[in-house]
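Work through the exercises below with the model open. Try each task before reading its solution.

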Amino acid sequence: QVQLAESGGGLVQAGGSLRLSCAASGSIFSIGTMAWYRQTPGQRERELVANIPIDGKANYPDSVKGRFTISRDNAKNTVYLEMNSLKPDDTAVYFCNAALRGPTAWGIYWGQGTQVTVSS
């Protein structure tokens, strides 16, 4: 059984910082691209916040570029999201995502989500 577990969410004032972590555990043979998504109650789909392939070349949408940094520790099967200069518009549930090979085949896995709330 493969699981992704996020931590690090919470309440912060605008302009502040938070660091999210997501650790993959279970029978993992290989991990490909890891990513963070977010979703607000009014959104039908989750929005990509950042992703990082195994080569380490991160990608960001314009909405977070320059403020958020994604990184990964392959030895720990963990992905991080450093969020700086947070804005109220960043308020959402943040989900980690990973393409990984478990006991049988490659698949896409999601964490349970962690709430980030930015107050003005």
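**Exercise 1. Strand S4 and its partners**

In which sense do S4 and S8 pair, and over how many bridges?

Solution. S4 and S8 pair in the antiparallel sense, over eight bridges. Two strands pair if DSSP finds at least two bridges between them. Strands (E, at least two residues) and helices (H or I, at least four residues) are DSSP runs, numbered from the N terminus.

Before going on, note the ground rules. This is a predicted model, in which local features need pLDDT of at least 70, side-chain atom pairs count only at pLDDT 80 or more, and totals for chains, interfaces and linings use all residues. Residues are numbered from 1 along each chain as its sequence is written, and side-chain values use heavy atoms, with hydrogens and water left out.

Finally, check the cover. S4 spans residues 30-39, and seven of its 10 residues are buried. Buried means under 20% relative accessible area, exposed over 50%, and partly exposed in between (1.4 Å probe, protein chains only).

**Exercise 2. The overall fold**

How many helices and strands does the protein have? Describe its overall dimensions and surface as well.

Solution. Count the elements. The protein has zero helices and 10 strands. From the N terminus on, the order is β-β-β-β-β-β-β-β-β-β. The radius of gyration is 14 Å, close to the 14 Å that the globule rule gives for 120 residues, so the protein is as compact as a globular protein of that length. That radius is taken over C-alpha atoms, and the rule is 2.2 Å times the number of residues to the power 0.38.

Now take the extents. The C-alpha trace spans about 45 × 25 × 20 Å along its principal axes. Of the 120 residues, 40% count as buried. The accessible surface comes to about 6400 Å², and carbon and sulfur atoms own 48% of that. These areas come from the Shrake-Rupley method with a 1.4 Å probe; for residues, only the protein chains shown count as cover.

Last, contacts. Among those between residues at least 6 apart in sequence, 55% join residues at least 24 apart. Contact means heavy atoms within 4.5 Å.

**Exercise 3. Asn97 and Ser120**

Is Asn97 buried or exposed? Ask the question again for Ser120: buried or exposed?

Solution. Take Asn97 first. Asn97 lies in strand S8 (residues 92-101). Its relative accessible area is 9%, so Asn97 is buried. Leaving aside neighbours within four places in sequence, its contacts include Leu4, Thr33, Tyr37, Ile108 and Trp110. Asn97 and Leu48 are 49 residues apart along the chain, with 9.9 Å between their C-alpha atoms.

Turn to Ser120, in the segment after strand S10 (114-119). Ser120 has a relative accessible area of 86%, so Ser120 is exposed. Not counting residues up to four places away in sequence, Ser120 touches Ala14 and Pro88. Ser120 and Val12 are 108 residues apart in sequence and 9.1 Å apart in space, C-alpha to C-alpha.
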